[in-house]
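Welcome, and thanks for taking a look at this protein with us. Please open the sequence and the 3D view side by side before reading on.

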Amino acid sequence: MKPSPDQAGAAKKNGDRLNKFLASCGLGSRRSCEALITEGRVEVNGEPCTNLGTRITESDSVRVDGQLLRQVRTTTLLLNKPRGYLCTRHDPQARPTIYDLLPKAFHHLHSIGRLDLESAGMLLLTTSGELTEQLTHPSHQLDKEYQVMLNRPFAREHKERLLKGIHLEEGLAKAHSVRILTAKRLSIVLRQGYNRQIRRMFTELDYRVKLLERVRIGQLTTHLNPGEWQIIGRRDLAKALS
């Protein structure tokens, strides 16, 4: 029996918002999916849809750029990224990318944040836009710990500068905590995610970062060797979010 208008309206109200549905199909974070909507690339039941408040139920047909979407089972893996690999699928200069380290079955996963070419360490890849949002949005204040090797001994008076913040183009960049491990080696925890933040902060203090490795996300650590990866489940994801 065809649902009444009231029933149909109730179903729409109870469905997922369109950006959440798109994220559940592996198209990125909710924020990036909002851009797909506002750019007019999304169709709902055969009609262009630019309304961010639209809700989707199981009976709806959704397409992006003409491609019919299906919600996918969430897959998340942890990669210990080596130096010399880009966090992108394709590079015009044909440099190695993180996808060269993964089986083709995982090439549809997107990375949660990035590590630059010369940086190494823990990198999460997923199909879940929801998880991407949780791990990258500034409001979640998630710890990310890095070990840094400098080109010269670190002056202890600069620790306070890192903690109070250094002005970059995007805003005030600061470390949440700083531990001096050796004369040239530090442990730094960030709760921000500006592009190449640590390198740029040390440049402002007249240092050059020789080595940079992410060693912790939330409470999640790893014993993987560089270039190794593993699928992670709910228990490890809970650590990453804590």
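Please keep in mind that the model is predicted. A search of the whole structure turns up zero disulfides, and the largest pocket holds about 800 Å³ of space.

**Cysteines**

- A disulfide is a covalent bond between the sulfur atoms of two cysteines.
- The search of the whole structure finds zero disulfides, and Cys 33 is in none: the nearest cysteine sulfur, that of Cys 25, is 8.4 Å away.
- For Cys 49, the closest cysteine sulfur is in Cys 33, and at 13 Å that is too far for a bond.
- Is Cys 33 buried or exposed? Cys 33 is buried, with a relative accessible area of 0%.
- Cys 49 is buried too, with a relative accessible area of 9%.

**Helix α3**

- Helix α3 spans residues 30-38, and its buried residues are Cys 33, Leu 36 and Ile 37.
- What do the buried residues of α3 pack against? Their partners are α2 (18-24), β2 (42-44) and β5 (62-64).
- After α3 comes Gly 40, which has a positive phi, near 80°.

**The four-stranded sheet**

- Strands β2 and β5, against which the buried residues of α3 pack, belong to an open sheet of four strands.
- Reading across this sheet, the order is β3-β2-β5-β6, and the pairing is antiparallel.
- Its edge strands are β3 (47-48) and β6 (67-68), each of which pairs on one side only.
- How many bridges join β5 and β6? The two strands pair in the antiparallel sense over two bridges.
- Val 64 has Gln 67, in β6, as its bridge partner.

**The largest pocket**

- Rolling a probe the size of a water molecule over the atoms shows where empty space is left.
- In the largest pocket, that space comes to about 800 Å³.
- The lining of this pocket is made of 30 residues, and those nearest its centre are Gly 113, Arg 114, Gly 193, Tyr 194 and Arg 214.
- At least two lining residues come from each of α4 (129-136), β10 (144-150), α6 (197-204) and β15 (209-217).
- Which element gives the most to the lining? That is α6, with three residues.

Technical notes
Residues are numbered from 1 along each chain as its sequence is written. This is a predicted model: local features need pLDDT of at least 70, side-chain atom pairs count only at pLDDT 80 or more; totals for chains, interfaces and linings use all residues. Side-chain values use heavy atoms; hydrogens and water are left out. A disulfide is a pair of cysteine sulfur atoms within 2.5 Å. Buried means under 20% relative accessible area, exposed over 50%, partly exposed in between (1.4 Å probe, protein chains only). Contact means heavy atoms within 4.5 Å. Two strands pair if DSSP finds at least two bridges between them. On a 1 Å grid over the protein atoms alone, a cavity is a set of points where a 1.4 Å probe fits but cannot get out, and a pocket is an open set with protein on both sides within 12 Å along at least five of seven lines; lining residues have an atom within 4 Å of a point. Grid points are joined across faces, edges and corners, and a volume is the space filled by probe spheres set on the points.
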